[in-house]
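Visitor: Please take me through one part of this protein closely. I would like to start from a single helix and follow what surrounds it.

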Amino acid sequence: MFLNTLTPKFYVALTGTSSLISGLILIFEWWYFRKYGTSFIEQVSVSHLRPLLGGVDNSSPTNSNSSNGDADSNRQSVSECKVWRNPLNLFRGAEYNRYTWVTGREPLTYYDMNLSAQDHQTFFTCDSDHLRPADAIMQKAWRERNPQARISAAHEALELEDCATAYILLAEEEATTIVEAEKLFKQAVKAGEGCYRRSQQLQHHGAQYEAQHRRDTNVLVYIKRRLAMCSRKLGRTREAVKMMRDLMKEFPLLSMFNIHENLLESLLELQNYADVQAVLAKYDDISLPKSATICYTAALLKARAVSDKFSPEAASRRGLSTAEMNAVEAIHRAVEFNPHVPKYLLEMKSLILPPEHILKRGDSEAIAYAFFHLQHWKRVEGALNLLHCTWEGTFRMIPYPLEKGHLFYPYPICTETADRELLPTVFHEVSVYPKKELPFFILFTAGLCSFTAMLALLTHQFPELMGVFAKAFLSTLFAPLNFIMEKVESILPSSLWHQLTRI
């Protein structure tokens with residue numbers, strides 16, 4: 001009686017409500033997937049429902065071992081996703097701020113600037129800063145979030161004495177041109193060298209003096225490196241190369257600044273490929289950490305030997321020569337290390353200003369590399385053509401990059417999350433590798449939403465026609481079952497069939 005009293009309007013309302021609910025679920029699932037890279041329903045199912053249904057047994061030693069393995073993989077993932085200072089980072093006042101003035105966009109994220117503030121406190125301060133009034137002021141200045149407050153504090157410190165870190169802050173943040181920044185860094189060198197010589201004589205008198213000498217060393221190396229970068233930006237590339245070489249000889253143990261990457265870029269600008277090869281021979285070693293600069297520069301040098309005469313049609317007919325095979329293997333090695341770079345080099349994806357920190361093998365490192373090295377690839381005839389023809393072949397060798405690599409460790413799964421913190425996602429779409437497929441639940445919800453919405457609309461507009469269609473659909477659906485029942489009735493004795501129907 002209840003079913004007979006229901007009107008078509010009820011079914012329309014029921015279908016419309018289910019369509020609305022499906023649509024809301026679809027919108028939420030899509031938003032969650034875009035933000036976190038995973039399906040909310042799948043995550044809840046794996047994290048909460050599977051343990052309740054007996055999918056995890058904590059008592060078994062096998063699962064204990066697997067949990068230890070998961071912990072190890074998590075630790076490996078965290079170590080792989082270490083954020084590094086960008087060796088070629090731009091000047092905040094002379095370059096980043098000028099971009100903001102012109103476009104109205106902020107090229108640096110809060111997370112990136114916060115990491116820079118931590119770096120400054122680590123490298124430019126020590127426990128004995130309270131002994132020197134200017135250093136005490138600068139210790140507070142590096143903790144300031146307001147740029148104007150930092151600049152005012154630097155000027156206050158300079159009124160007391162020549163303070164190297166105060167000159168650094170003004171050169172980085174107040175100077176609006178590279179020329180102004182270079183002048184301030186030259187003043188910083190004089191102050192920094194004086195502090196370095198004094199602390200060098202006292203470094204063995206106690207832990208406090210040793211920490212002070214370590215700080216003064218970091219300050220001096222930073223100033224000289226930035227001075228060399230100023231020379232490079234102002235076109236005095238040979239002078240910049242000499243300054244970098246002298247700096248690497250004077251402080252060979254300070255590899256954390258990655259000065260060799262600045263040197264590689266300057267040598268490529270001079271087209272001094274023999275010296276580039278010599279630097280690579282020293283730093284492209286199995287025991288040293290790799291970078292996109294190392295891998296792609298090695299690939300560029302090998303591509304340079306064959307790219308001017310390379311033709312994919314000719315190579316497919318006669319096969320690859322030994323030199324061409326070496327170039328292709330070098331490109332595959334570079335692409336496996338950082339698969340995001342080729343799209344920027346081939347200008348399939350637009351570049352933005354590089355961040356102050358990068359994640360190795362991530363999109364941030366790819367932007368930082370391509371921003372400075374695209375011109376060097378363009379200068380080598382045919383290099384980009386060779387890259388275009390061969391880079392996608394890398395993925396055939398690593399079908400499951402998150403599980404097993406070919407020449408490197410499996411690709412870390414945390415790069416997307418870290419890159420979203422480092423890069424301005426407001427106007428830049430973060431490159432994701434491997435490309436994620438839409439989860440099944442999003443596709444299913446989208447289909448269900450569309451289907452129910454269409455049914456509701458058609459039932460509302462054409463109720464009689466939809467009734468006829470529903471009867472025809474149900475009769476067609478049950479036709480095989482009716483056919484089987486008729487065959488069973490014809491085969492079984494009527495008395496037995498009568499007893500079965502009674503049961």
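Guide: Helix H5 has these buried residues: Arg92, Gly93, Ala94, Glu95, Tyr96 and Thr100. Buried means under 20% relative accessible area, exposed over 50%, and partly exposed in between, with a 1.4 Å probe and protein chains only. Helices (H or I, at least four residues) and strands (E, at least two) are DSSP runs, numbered from the N terminus. This is a predicted model, where local features need pLDDT of at least 70, side-chain atom pairs count only at pLDDT 80 or more, and totals for chains, interfaces and linings use all residues. Residues are numbered from 1 along each chain as its sequence is written, and side-chain values use heavy atoms, with hydrogens and water left out.

The buried residues of H5 pack against H6, H8, H9, H10 and H11. Just after H5, glycine 104 takes a positive phi of about 80°.

H5 (92-103), H6 (110-124), H8 (147-160) and H9 (164-174) each supply at least two residues to the lining of the largest pocket. That pocket holds about 610 Å³ of space. Its lining has 27 residues, and those closest to the centre are Arg92, Met113, Arg145, Pro147 and Arg150. Arg92 is also one of the buried residues of H5. H6 gives the most to this lining, with seven residues. By class, the lining has ten nonpolar, nine polar and eight charged residues. Here Ala, Val, Leu, Ile, Met, Phe, Trp, Tyr, Cys and Pro count as nonpolar, Asp, Glu, Lys and Arg as charged, and the others, Gly among them, as polar.

A word on how space is found. On a 1 Å grid over the protein atoms alone, a cavity is a set of points where a 1.4 Å probe fits but cannot get out; a pocket is an open set with protein on both sides within 12 Å along at least five of seven lines; lining residues have an atom within 4 Å of a point. Grid points are joined across faces, edges and corners, and a volume is the space filled by probe spheres set on the points.

By this rule there are four cavities of 30 Å³ or more. Of the 14 lining residues, Arg132, Asp135, Ala164, Cys195 and Asp216 lie nearest the centre. The lining has five nonpolar, two polar and seven charged residues.

Alanine 134 sits in helix H7. Its relative accessible area is 0%, so alanine 134 is buried. Contact means heavy atoms within 4.5 Å. Not counting residues up to four places away in sequence, alanine 134 touches Ala157, Leu160, Glu161 and Cys163. Alanine 134 and leucine 160 are 26 residues apart in sequence, yet 6.2 Å apart in space, C-alpha to C-alpha.

Histidine 213 lies in helix H11. At a relative accessible area of 11%, histidine 213 is buried too. Leaving aside neighbours within four places in sequence, histidine 213 is in contact with Tyr196, Ser199, Gln200 and Gln203.

Now step back to the core. A nonpolar core is a set of buried Ala, Val, Leu, Ile, Met, Phe, Trp, Tyr and Cys residues joined through side-chain atoms within 4.5 Å. The largest has 93 residues, and Met138, Tyr296, Leu345 and Trp377 have the most contacts inside it. Helix H15 (residues 292-304) gives the largest share, nine residues. Domain 1 (109-270) and domain 2 (281-437) both contribute, so this core lies between them. The domain bounds come from an automatic or database domain assignment. Beyond its neighbours within four places in sequence, tryptophan 377 is in contact with Tyr296, Ala299, Leu300, Leu345, Tyr369, Ala383, Leu384 and Leu387.

Finally, the whole protein. Its secondary structure comes to 25 helices and two strands. Of its 503 residues, 43% count as buried. Among contacts between residues at least 6 apart in sequence, 69% join residues at least 24 apart.
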